[in-house]
There are 2 protein chains.
Amino acid sequence: MTTQSPDSNYIGVDVSGTTLSAALVSAQGRVVERREAALEPDGVAQQVARAVSELRDAKGAGGVAGVGVGVSGLVSPQTGRVVVSNDLPALARGDLRAELSQATGFDVLVENDANAAAFGEFTAGAGVGSRNLFYVTIGTGIGGAIILDGRLWRGDSGFAGEFGHITIDPDGEECVCGNTGCLETVASAPNIVRRTQERLQRDSTSSLSRLGLKRDFNASDVAQAANDGDDFALLMLERTGRYIGTAIAAVINLLNIERIVLGGVIMEAGDLILEPIIREARKRSFQPCFESTQIVAATLARDAVPVGAAMLARDAVNDVA
Amino acid sequence: MTTQSPDSNYIGVDVSGTTLSAALVSAQGRVVERREAALEPDGVAQQVARAVSELRDAKGAGGVAGVGVGVSGLVSPQTGRVVVSNDLPALARGDLRAELSQATGFDVLVENDANAAAFGEFTAGAGVGSRNLFYVTIGTGIGGAIILDGRLWRGDSGFAGEFGHITIDPDGEECVCGNTGCLETVASAPNIVRRTQERLQRDSTSSLSRLGLKRDFNASDVAQAANDGDDFALLMLERTGRYIGTAIAAVINLLNIERIVLGGVIMEAGDLILEPIIREARKRSFQPCFESTQIVAATLARDAVPVGAAMLARDAVNDVA
């Protein structure tokens with residue numbers, strides 16, 4: 001058992017992308033110190049252990065009382081093992097938790113990245129003040145996570161919050177999952193780009209047409225063009241918002257949830273994406289449920305996973321203390 | 001405070017329809033004795049109090065330790081007051097809980113009928129053995145209820161489980177709620193009948209055409225015709241099942257829930273409706289989530305609400321004891 005006090009710090013690590021991002025986080029969820037490095041797909045445990053060691057030795061680290069790691073992949077709530085990871089398949093062959101615990105001396109907590117980000121926003125971001133929260137992140141894929149009565153609801157086998165595979169159009173596009181019309185087929189970052197490119201072939205007035213001649217553009221470029229007043233990009237965001245809002249309405253109807261926090265690259269467009277989402281969610285949800293829900297943008301950006309992983313480690317330490 | 005023992009009985013009352021249905025229920029959820037009477041829309045508290053009094057005096061009643069009532073309407077989780085009831089509008093003007101507590105001497109529990117039915121199936125019906133359950137009832141309206149970790153999840157303001165207003169076709173029929181394409185617009189009992197009648201105008205080979213000449217038919221007749229092998233009725237159920245399965249898939253994806261229990265009049269068709277529901281839910285849900293869900297028919301039929309209301313009263317008594 002590790003010692004801890006109200007002044008203890010915690011270390012949270014994000015290994016969900018191509019960058020390993022680690023932070024020393026206070027017990028109140030404030031980032032004290034950061035480390036970033038390119039993430040190699042093999043030897044993840046060693047890379048995480050190195051970042052943990054660096055942050056422990058950082059000036060002002062004080063006592064570190066726990067370590068949490070957010071990973072892109074499904075994590076078993078029973079064993080803490082990574083069951084499957086598309087981005088880092090090696091993780092599912094090893095036991096990251098056991099390796100890290102041995103390498104660092106902490107009882108390291110491993111959590112799905114969307115769950116960790118949700119908990120980060122809940123404790124120190126756009127979820128502060130709520131008890132019940134649904135978190136959505138719109139990036140390469142679309143992830144979701146649920147917090148009820150202040151705790152993550154992981155579902156019966158750890159897979160809750162599969163927001164991206166909600167059907168929003170039964171006759172829609174084919175999805176990699178085998179279904180047709182999943183939200184992800186139209187609203188993930190790559191699919192926003194695909195829809196934009198398809199439409200640009202019929203309409204070349206947008207600034208994105210000129211950009212597209214120079215290099216492949218991404219969802220962040222679409223958001224930026226909209227922020228710069230490009231009508232075409234605004235139309236793409238309006239439609240994307242309608243798709244997301246339809247799925248958000250299902251969450252509102254089912255869970256009657258206090259707050260919905262939206263994160264990921266597409267939120268770089270701010271109100272230009274948030275407003276169409278809210279408009280469609282209002283239209284498609286049962287009114288008394290809609291009225292008790294706040295729909296807001298995430299505020300922690302890339303700190304969400306490290307902060308959330310650190311705060312989950314904090315709570316795990318306190319649960320067993 | 002009322003006295004109680006493991007041998008105590010509880011009284012559960014269903015005031016969700018045109019019939020008041022009350023039952024004396026053992027602490028294990030077994031119905032010991034029943035009372036039924038036509039329900040008048042006014043003076044509901046007096047009618048419930050009379051049924052409670054009769055069951056208390058019934059032979060073998062033993063000690064009655066608590067009373068629960070399931071009502072058609074939204075009930076505030078904070079106050080226990082009926083906020084709105086379309087079927088019994090008078091309930092929202094009074095304080096059923098206070099009136100009943102005064103009339104019976106019990107600290108009477110009042111709960112939404114779908115929530116009560118879900119808890120009945122959970123404790124003594126098709127939900128036995130599960131910890132996490134989603135309950136759906138398909139009748140005049142479509143209701144839903146959620147049980148997580150053995151407790152009702154009522155949502156932030158008591159409105160969780162609004163399953164009937166999930167959008168299953170964004171360009172579908174207009175709903176009374178203002179949205180288009182809600183599940184309820186095609187799969188509630190009256191809308192199953194409407195769709196059947198519309199289609200019968202183009203196809204008169206069904207036994208339902210002959211029945212329709214004699215009297216208005218209902219959803220129960222459609223189920224019966226399907227059970228009797230009527231191809232037309234089977235087709236209607238197949239399509240209805242696809243609609244319901246699409247919405248069920250959203251529940252599976254979001255909640256990764258252990259068991260889904262389906263009740264209401266349409267389940268009189270048994271596997272003829274259950275199988276198309278499961279087929280569509282499988283197609284439209286994320287595979288790892290689907291694999292950890294069991295989709296089954298309710299087993300308590302009209303006892304679900306009284307048994308569930310009684311068991312909620314049992315748990316409330318034990319919580320404060």
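**Helix packing, sheets and the chain interface**

In chain A, helix α7 (residues 219–227) and helix α8 (residues 231–255) cross at roughly 115°, and their axes come within 7 Å. The model described here is predicted. The crossing of α7(A) with α8(A) is left-handed. On the α7(A) side the contact is made by Val222(A), Ala225(A) and Ala226(A), and on the α8(A) side by Ala233(A), Leu234(A), Met236(A) and Leu237(A). By residue class, the contact of α7(A) with α8(A) comprises seven nonpolar residues, no polar and no charged.

The residues of the contact of α6(B) with α7(B) are four nonpolar, one polar and one charged.

An open sheet of five strands is found in chain A, with the order β3-β2-β1-β4-β7 and mixed pairing. Its edges are formed by β3 (31–38) and β7 (109–112) of chain A, each of which pairs on one side only. From one strand to the next, the twist averages 20°. Within chain A, strand β1 (residues 9–15) and strand β2 (residues 19–26) are joined in the antiparallel sense over six bridges. In this pairing Asn9(A) stands opposite Ser26(A), a residue of β2(A).

In chain B, strands β2 (residues 19–26) and β3 (residues 31–38) also pair in the antiparallel sense, over seven bridges. Leu20(B) has Ala37(B) in β3(B) as its bridge partner. The two strands β2(B) and β3(B) form a hairpin with four residues between them. In the turn of this hairpin, Gly29(B) has a positive phi of about 95°.

Another open sheet, in chain B, consists of five strands in the order β10-β9-β8-β11-β12, again with mixed pairing. Strands β10 (151–153) and β12 (294–297) of chain B are the edge strands, each pairing on one side only. Neighbouring strands of this sheet are turned against each other by 25° on average, direction ignored. Strand β11 (residues 259–263) of chain B runs parallel to β12(B), and four bridges join the two. Arg259(B) is placed opposite Gln294(B) of β12(B). Helix α9 (residues 271–284) of chain B lies across β11 and β12 of chain B, and runs at about 160° to β12(B).

Beyond β12, Arg302(B) is located in the loop between β12 and α11 (304–320) of chain B. Arg302(B) counts as partly exposed because it has 16 C-beta neighbours inside 10 Å. Although Arg302(B) and Ala117(B) are 185 residues apart in sequence, their C-alpha atoms are 9.0 Å apart in space.

The interface between the chains involves 36 residues of chain B in contact with 36 residues of chain A. On the side of chain B that touches chain A, α8 (231–255), α9 and α10 (287–291) of chain B each supply at least two residues. Helix α8(B) provides the largest share of that side, with seven residues. In composition, the side of chain B that touches chain A divides into 19 nonpolar, 11 polar and six charged residues.

Chain B is superposed on chain A by a rotation of 180° with 0.0 Å of shift along its axis, at an RMSD of 0.0 Å. The two copies are therefore related as by a two-fold rotation axis. The C-alpha of chain B nearest the axis belongs to Asp169(B), at 3.0 Å from it. The same surface serves both copies, since 100% of the contact residues of chain B recur in chain A.

How values were computed: Residues are numbered from 1 along each chain as its sequence is written. Chains are lettered from A and ligands numbered from 1 in the order in which they are written. This is a predicted model: local features need pLDDT of at least 70, side-chain atom pairs count only at pLDDT 80 or more; totals for chains, interfaces and linings use all residues. Ala, Val, Leu, Ile, Met, Phe, Trp, Tyr, Cys and Pro count as nonpolar, Asp, Glu, Lys and Arg as charged, and the others, Gly among them, as polar. Two strands pair if DSSP finds at least two bridges between them. Axes are lines fitted to C-alpha atoms, for helices over the stretch in contact, and angles run from 0 to 180 degrees between N-to-C directions. Two residues are in contact if their C-beta atoms, placed from the backbone, lie within 7 Å. Copies are superposed by least squares on the C-alpha atoms of residues with pLDDT of at least 70 in both. A residue is buried if 20 or more other C-beta atoms lie within 10 Å of its own, exposed if 12 or fewer, and partly exposed in between; C-beta atoms are placed from the backbone. A crossing is left-handed if the near helix is turned anticlockwise from the far one by less than a right angle, and right-handed if clockwise.
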